[in-house]
Amino acid sequence: MEKTIIVTGGAGFIGSNFVYYMLNKYPNYKIVCVDCLTYAGNLSTLKKALENPNFRFEKLNICDKEGIRKLFSEVKPDIVVNFAAESHVDRSIEGPEIFVDTNIKGTQTLMEVCRELNVPRYHQVSTDEVYGDLPLDRPDLFFTETTPIHASSPYSASKAGADLLVLAYCRTFKFPATISRCSNNYGPYHFPEKLIPLMIINALADKPLPVYGDGLNVRDWLYVEDHCKAIDLIIHNGKIGEVYNVGGHNEMANIDIVKLILKKLDKPESLITFVEDRKGHDRRYAIDPTKISSELGWLPDTKFADGIEKTIDWYLSHKDWWEEIISGEYQNYYSKMYGGK
Ligand code: TDX
């Protein structure tokens with residue numbers, strides 16, 4: 001069956017991967033991407049999609065209610081998937097306001113317009129960070145969908161706020177929504193401010209690799225395509241009003257990831273530089289994906305060993321993509337955050 005899906009934040013990392021995943025998997029679907037192209041959204045990321053007649057791009061902020069209403073009335077989407085968000089924890093510590101505007105107000109604006117126009121289905125892409133963190137000495141503990149919300153950073157608090165609004169809309173207005181909370185993603189088009197691409201790019205340039213604190217913080221890494229597959233299953237078969245955790249049981253300490261990247265690139269560990277810890281730094285994230293596996297049959301396809309190899313190869317063969325990014329405004333960000341390190 002033909003469907004039209006609006007993907008907000010489709011020029012960012014996970015959103016753009018989802019655009020490609022859907023165009024490829026459903027040749028009879030129309031995908032309309034809404035993105036306001038902040039620093040993290042890049043039209044060159046969508047270059048190939050723009051050649052596809054089933055794809056359309058609209059430069060628009062999700063907080064712009066009039067613009068969203070106009071576009072949604074015209075497109076009449078069957079499904080809206082909201083990836084649009086300010087997503088970097090360190091930036092939220094420097095300036096929380098835009099996180100509240102985009103992540104909370106933007107989500108509410110989208111839901112209001114969807115409600116007004118009776119859009120049949122809405123999906124909110126959230127994060128495991130809404131659960132706060134787990135201690136390192138309790139490897140038996142995992143986040144389930146019933147783990148209490150306990151956010152640590154302005155970023156995760158804004159995502160948690162949006163999740164609570166979505167669930168309140170489901171209950172109060174019978175709003176037809178679902179939420180997914182995924183663990184850390186990695187893969188193509190990951191913005192260079194995040195751990196894995198930052199370390200690959202610095203290592204290639206023989207620059208110091210800034211590891212926060214003791215480097216023992218643990219993240220649960222999932223190849224981005226496996227996340228896209230999970231969202232595809234949820235929007236087609238998920239139960240309205242439900243939250244689904246997504247994660248592949250792949251916990252790794254930051255320092256081990258950094259060492260692995262150095263090894264793969266044949267660079268010395270002497271590039272590792274321990275720097276001041278992130279404020280409020282979450283210790284460990286770990287997802288229990290039992291619900292999505294048993295209800296929707298989701299299982300990740302890509303093992304970390306293969307995924308990291310593919311990701312490093314992608315950064316090696318797409319230098320033009322990231323060189324353009326790191327030569328611009330990103331340089332100011334980098335020197336502000338990392339100084340001379
Ligand atoms: O320079 C760095 N050095 C470092 O040690 C950076 C950028 C990060 N780190 C550490 C902090 C974290 O423990 O690496 C870990 C991963 O950091 P990020 O890539 O910033 O990701 P994280 O804070 O875990 O959040 C990510 O996963 C959940 C995404 O950025 C979020 O958007 C998502 O919701």
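Biologist: In which strand is Tyr122 found?

Modeller: Tyr122 is found in strand E5, residues 122–127; strands (E, at least two residues) and helices (H or I, at least four) are DSSP runs numbered from the N terminus. The model is predicted, so local features need pLDDT of at least 70 and side-chain atom pairs count only at pLDDT 80 or more, while totals for chains, interfaces and linings use all residues. Residues are numbered from 1 along each chain as its sequence is written, and side-chain values use heavy atoms, with hydrogens and water left out.

Biologist: What makes Tyr122 count as buried?

Modeller: Its relative accessibility is 0%, and buried means under 20% relative accessible area, exposed over 50%, and partly exposed in between (1.4 Å probe, protein chains only). Tyr122 therefore counts as buried. Neighbours within four places in sequence aside, Tyr122 has contacts (heavy atoms within 4.5 Å) that include Val80, Leu110, Phe175 and Pro176.

Biologist: Is Thr109 buried or exposed, and on what value does this rest?

Modeller: Thr109, in helix H4 (residues 97–116), has 6% relative accessibility and therefore counts as buried. Beyond its neighbours within four places in sequence, Thr109 touches Ile62, Cys63 and Lys65.

Biologist: How do you know how many disulfides there are?

Modeller: A search of the whole structure finds 0 disulfides, a disulfide being a pair of cysteine sulfur atoms within 2.5 Å. For Cys63, the closest cysteine sulfur is in Cys36 at 8.1 Å, too far for a bond. Cys182 is likewise in no disulfide, with the sulfur of Cys228, the nearest, 9.3 Å away.

Biologist: Why is Cys63 called partly exposed, and what is Cys182 called?

Modeller: Cys63 has 31% relative accessibility and so counts as partly exposed. Cys182, with a relative accessible area of 4%, is buried.

Biologist: Why are H6 and H10 called oblique to each other?

Modeller: Helix H6 (residues 195–204) and helix H10 (residues 304–317) pack at about 55°, their axes 11 Å apart. Axes are lines fitted to C-alpha atoms, for helices over the stretch in contact, and angles run from 0 to 180 degrees between N-to-C directions. Angles under 35 degrees count as roughly parallel, over 145 as roughly antiparallel, 65 to 115 as roughly perpendicular and the rest as oblique; H6 and H10 are therefore oblique.

Biologist: Which residues make that contact, and of what class are they?

Modeller: H6 contributes Ile196, Pro197, Ile200, Ile201 and Leu204, and H10 contributes Ile308, Thr311, Ile312, Tyr315 and Leu316. These comprise 9 nonpolar, 1 polar and no charged residues, where Ala, Val, Leu, Ile, Met, Phe, Trp, Tyr, Cys and Pro count as nonpolar, Asp, Glu, Lys and Arg as charged, and the others, Gly among them, as polar.

Biologist: Which residues of H6 and H8 meet?

Modeller: Leu195, Ile196, Met199, Ile200 and Ala203 of H6 meet Asn254, Ile257, Val258, Ile261 and Leu262 of H8. The classes here are 9 nonpolar, 1 polar and no charged. The axes of H6 and helix H8 (residues 254–264) come within 10 Å and cross at roughly 35°.

Biologist: Why does His249 count as partly exposed?

Modeller: His249 has 47% relative accessibility and therefore counts as partly exposed. Leu37, at 23% relative accessible area, is partly exposed.
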